[in-house]
Amino acid sequence: MDARARHDAAEARQWIGATLEVLAFAALCGASMHAAAVGTAAGGRIDSAAQMTYAVGGVAQSPVTSNATSMIVDEVLDCVVVDQDAAPVAVASGATGAALTFDVTNTGNGSEPMRLAIETALAGDDFDPTSAAIYLESNGTPGLQIGAGGDTAYTAGANDPVLARDASALVYVASSIPLGLAPGAIGRTALRAVPRTVFAETGTDDPANAAFPVPGTTYPGAGDAAIGGGNVAAVVGSTFARNALKLRALGAYAIDAGAVTLTKVATSVSDPRGGNRVLPGSIVHYQITVAVAPSGSAHDLVVRDPLPATLGYVPSSLTVAPLPAGQQADDDFLPAGVDGTGFDGANDAVVVTLGDLAGGAQTVISFNATVR
Amino acid sequence: MKSTKHLFGIALAAASLGWIAPAAADVALTTTAQKIEKFTAPDGAVATRLIPAQKVLPGDDVRYTITFVNGGDKPVDAGTVVVTNPVPEHTHYIADSAFGSGTTITYSVDGGRTFHPAADLMVVRDGVKVPATAEDYTTIRWKFAPALAPAAQSFVSFNVRLD
């Protein structure tokens, strides 16, 4: 049984009271999805007193109670970061806002803000993700959303997430992927979390800094002020050992040429006689679905569909859903028009500029063509 | 008159058999808590020492020592001194750590209602009755066999680990 389950079991024993046998512990032993079990809450008091009975000359005497001893539980500073992506995140070369997902758990025994940092210039990979930024999951929608209504951008020291004992937070690292990378190239980025008390006491959150503490380092009176009346010390815990390997987790991106898939379907044919046969003059309705893999992303995506000589584009039949900002679903395109979406008459091709798309994005392009 | 004096004599004799003045035996009980701290000796060997316990951390080991002294002028009867100590909240008893010279030690798993030798303690887990382990103990009891003469003292102790 882990320490947390024993703690819960002890409370259950006292609650049961009158029963002779202790009931099953099974219901109290919850499985933890995160890292090591945490101990008794910081500020807790451990009290003990003994009682004695005795007799003199055959007569029982009044029971005697000893003095009471009392101890206070100090706060342990500990946290663990775990990469949540099951495999390297598939991205296209040149993508922006590509997200890695991490879980940060407070494995200490008191409430603590966690100071986060990114480590990108890591050795042993094929490229360095750039422009890395941290976001805190805050809008209730799974995955990273950047912008209005999206997740909160993180600034160290300004909005360090406050985690209660044994609580967790989802943190994203969004990066840009350099251009010109070959499929299969791997780029790594690490997220690091350090209890803010350590930063406040030492001025550093970098394990490479000489001032970074070792397990057992004690900061008197620095414990969670909300408990113990400021009497509680903060003690650096065991995840700071061995160069703080558990305070950081590695995430990886992999260049994936298959991050975007295109599917084209002829959804209907109507012939001049009211049927659906392919005859000269029949109108064919085409639908192209552009899908970005959930773990992928696309950068500066342009879709071109060259029509064969037997098909002629039906003017003003182009639709794009959803239509990216700045594009118009008309036949004009640059340089004659104002955008990059339209019909390229010189090359007999439908052109749609979709720009940057995030993982899971889907766009449906449709147009009509006449059989010549 | 003769019968009244005789009756009075009998009443006095009867009283002296069953009634004892309070504070004739004064036993004091004191508890101390000490942290069992591991340290590395100059020669590199790892040893333990006891230091006062005021601030503790989950996982720390603590020794409780309970001392009893007969401060009175009459001896305490043999086999009547019984010291009972609940396992403190937020800790669990460390197996085989209870000590007391001249004592028989028993444990409770039901909050101090009943006490049994360690080998006889059972708990129910998942509907099955199984032998109890040290983590199940709620209370420890020492029964001191010898008499305790005036001015004599002895002690019992036990270790716990913080949850």
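Mentor: Before we start, one rule: a residue is buried under 20% relative accessible area, exposed over 50%, and partly exposed in between. Keep in mind that this model is predicted.

Trainee: Okay, what makes B:Asp26 count as partly exposed?

Mentor: Its relative accessibility is 48%.

Trainee: Where does B:Asp26 lie, and what is it in contact with?

Mentor: B:Asp26 lies in the loop between helix 1 (2-18) and strand 1 of chain B. Sequence neighbours within four places aside, B:Asp26 is in contact with B:Val69, B:Asn70, B:Gly71 and B:Gly72. The C-alpha atom of B:Asp26 is also 9.8 Å from that of B:Ala151, a residue 125 places away along the chain.

Trainee: Now charges. How do you know that B:Glu37 and B:Arg49 form a salt bridge?

Mentor: Their N-to-O distance is 2.9 Å. The cut-off is within 4 Å, so the pair qualifies. B:Glu37 lies in strand 1 of chain B and B:Arg49 in strand 2 (residues 46-52), so the bridge ties together parts that are twelve residues apart in sequence. B:Glu37 is partly exposed at 25%, and B:Arg49 is partly exposed at 39%.

Trainee: What about A:Arg192 and A:Asp206: why is that pair called a salt bridge?

Mentor: The closest N and O atoms are 3.9 Å apart, and that is still within 4 Å, so the pair counts. A:Arg192 lies in strand 16 (residues 186-195) of chain A, and A:Asp206 in the loop between helix 2 (196-202) and strand 17 (218-219), so parts 14 residues apart in sequence are tied together. A:Arg192 and A:Asp206 also belong to a salt-bridge network with A:Arg115, A:Glu119, A:Asp205 and A:Arg248.

Trainee: Is A:Arg192 buried or exposed?

Mentor: Its relative accessible area is 7%. That is under 20%, so A:Arg192 is buried. A:Asp206 has 29%, so it counts as partly exposed.

Trainee: How do you know that A:Asp103 has no salt bridge?

Mentor: Look at the nearest side chain of opposite charge: A:Lys246 is 13 Å away. A salt bridge needs 4 Å or less, so A:Asp103 has none, though it is buried. The side chain of A:Asp103, in strand 10 (residues 98-106) of chain A, does make a polar contact of 2.7 Å with the side chain of A:Thr105.

Trainee: What makes strands 12 and 15 of chain A a pair?

Mentor: They share five bridges in the antiparallel sense. Pairing takes at least two, so they pass.

Trainee: Last one: which residues have the most contacts inside the largest nonpolar core?

Mentor: A:Met71, B:Phe68, B:Val83, B:Tyr93 and B:Phe158, in a core of 38 residues. Strand 6 (69-73) of chain A is among the strands that each supply at least two residues of this core, as are several from chain B, including strand 12 (153-162). There is also a second, separate core of 37 residues, with A:Phe102 and A:Leu116 among them.

Technical notes. Residues numbered from 1 in each chain as written. Chains lettered and ligands numbered in written order. Predicted model: local features only at pLDDT ≥ 70, side-chain atom pairs only at ≥ 80, totals over all residues. Heavy atoms only, no water. Helix = DSSP H or I, 4+ residues; strand = E, 2+ residues; numbered from the N terminus. Buried < 20%, exposed > 50% of the residue type's maximum accessible area, 1.4 Å probe, protein only. Lys, Arg positive; Asp, Glu negative; His and termini not counted. Polar contact = N/O pair within 3.5 Å; in protein donor to acceptor, adjacent residues only side chain to side chain. Core = buried A, V, L, I, M, F, W, Y, C linked by side-chain atoms within 4.5 Å. Contact = heavy atoms within 4.5 Å.
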